[in-house]
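User: I am new to reading protein models. Please take me through this one in short steps.

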Amino acid sequence: MTTLSLIAQKGGTGKTTLAIHLAVQAQRAGLRVLLVDTDPQGSAGAWWQRRAADAPALVEGQGTELAGMLEEARRRGFGLVIVDTAPHSSAQSRACAEASDAVLIPTRPAILDLDAIGITTALVADLQVPAQIVLNACPPPTRAQEPRLVTEAREALTAYPVPVCPVAVSQRAAYSHALIDGRAVVEFEARGKAATEIGALWQAVQAMLGHGREATRSAS
Ligand SMILES: Nc1ncnc2c1ncn2[C@@H]1O[C@H](COP(=O)(O)OP(=O)(O)O)[C@@H](O)[C@H]1O
Ligand SMILES: [Mg+2]
């Protein structure tokens, strides 16, 4: 079983949006997926309540209880656990990062968001958890070319000790529309640009997980 947490000290960067989309994508790829909502705001839990399908499974709990929840998930035979986390809680974020094989740190490409990322990158660097920063809600590419804002954000982020995911997620209405009735973009507009992006993000995440702690452990 592999555990991936989405962590960022700032609210509104896309933790819940990306956690949900990656969970649905992984489920469709054939994994047994558990989404863990550790944010007291319960946005992922509310999405799941609105959802018609049973999978992915969802549980709610505190980040500091995550290790115990993962034991239970392992016993229940889940292959992948995706953990959505609360902003502004260093103890909770630390507990989630510690219990994870890898961490994704979503950020918007705006300068104030980029400045706010240091606490989270320091946390994963301190714990030596494999991690990537994901640029979210970016201007969409034009003619398959990366927008300047995104390229500049990548450059600014080289100041931090965590690599940036090659896949940037665009600002698209589909990401919020799909969630209204408990779906993900791939279930809402299977051939849409958002669904294609999430497919690419899932590929990048799989590559990261393949190089994560789990892989290191099984190789040794
Ligand atoms: N890529 C995106 N395109 C459009 N809207 C987005 C995107 N990512 C997030 N949002 C919207 O931004 C808001 C904050 O996103 P959310 O995932 O709840 O962030 P967090 O969980 O980090 O607080 C939500 O209203 C969500 O629908
Ligand atoms: Mg959230």
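Predicted model: local features only at pLDDT ≥ 70, side-chain atom pairs only at ≥ 80, totals over all residues.

User: How much space lies in the largest pocket?

Analyst: The space in the pocket comes to about 210 Å³.

User: Which helix gives the largest share of the lining of the largest pocket?

Analyst: By class, this lining has 4 nonpolar, 6 polar and 2 charged residues. The largest share is 3 residues, and these come from residues 173-177, helix α8.

User: In what order do the strands of the open sheet stand?

Analyst: The sheet is open and has 6 strands. The twist from one strand to the next averages 20°.

User: Which strands stand at the edges?

Analyst: An edge strand here has a single partner strand, so one side is left without a neighbour in the sheet. That holds for residues 57-60 and residues 131-135, which are β3 and β6.

User: Through what do strands of a sheet pair?

Analyst: The pairing can be parallel or antiparallel. In either case the strands are joined through backbone hydrogen bonds.

User: Which residue in β6 stands opposite isoleucine 105?

Analyst: Strand β5 covers residues 102-107. β5 and β6 pair in the parallel sense over 5 bridges. Opposite isoleucine 105 stands isoleucine 133.

User: Over how many bridges do β1 and β5 pair?

Analyst: Serine 5 stands opposite valine 103 in β5. β1 and β5 run in the parallel sense, and the number of bridges is 3.

User: How many residues of β5 are buried?

Analyst: Ala102, Leu104 and Pro106 point one way from the strand. Val103, Ile105 and Thr107 point the other way, and all of these residues are buried. β5 is therefore largely enclosed by the rest of the structure, with a buried count of 6 of the 6.

User: Which residues point one way from β4, and which the other way?

Analyst: β4 is mostly covered, with 5 of its 5 residues buried. Leu80, Ile82 and Asp84 point one way. The other way point Val81 and Val83.

User: Which residue in β4 stands opposite threonine 3?

Analyst: β1 and β4 pair in the parallel sense. They do this over 5 bridges. The residue opposite threonine 3 is valine 81.

User: What is the bridge partner of leucine 35 in β4?

Analyst: Strand β2 spans residues 33-37. β2 and β4 pair in the parallel sense over 5 bridges. The partner of leucine 35 is isoleucine 82.

User: At about what angle does helix α10 run to β5?

Analyst: Helix α10 covers residues 193-210. The helix lies across β1, β4, β5 and β6. Its angle to β5 is about 140°.

User: Is lysine 193 buried or exposed?

Analyst: Lysine 193 is found in helix α10. Its relative accessibility is 61%. A residue over 50% is classed as exposed. Lysine 193 therefore counts as exposed.

User: How far apart in space are lysine 193 and alanine 57?

Analyst: In sequence, lysine 193 and alanine 57 are 136 residues apart. In space, C-alpha to C-alpha, the distance is 26 Å.

User: Which strand gives the largest share of the lining of the largest cavity?

Analyst: About 50 Å³ of space lies in this cavity. Its lining includes Ala8, Gln9, Ile105, Pro106, Thr107 and Thr120. The lining divides into 5 nonpolar, 4 polar and 2 charged residues. The largest share, 3 residues, comes from β5.

User: Is threonine 120 buried or exposed?

Analyst: Threonine 120 lies in helix α6, residues 118-127. Its relative accessibility is 2%. The cut-off for buried is under 20%. Threonine 120 therefore counts as buried.

User: Which residues is threonine 120 in contact with, leaving aside its neighbours within four places in sequence?

Analyst: Threonine 120 is one of the residues lining the largest cavity. Beyond those sequence neighbours, its contacts are Ile7, Ala8, Gln9 and Ile105.

Key:
Residues numbered from 1 in each chain as written. Chains lettered and ligands numbered in written order. Heavy atoms only, no water. Pairing = 2+ DSSP bridges. Helix = DSSP H or I, 4+ residues; strand = E, 2+ residues; numbered from the N terminus. Axes fitted to C-alpha atoms, helices over the stretch in contact; angles between N-to-C directions. Contact = heavy atoms within 4.5 Å. 1 Å grid on protein atoms, 1.4 Å probe; cavity = no way out; pocket = protein on both sides within 12 Å on 5 of 7 lines; lining within 4 Å. Points joined across faces, edges and corners; volume = space filled by probe spheres on them. Nonpolar A, V, L, I, M, F, W, Y, C, P; charged D, E, K, R; others polar. Buried < 20%, exposed > 50% of the residue type's maximum accessible area, 1.4 Å probe, protein only.
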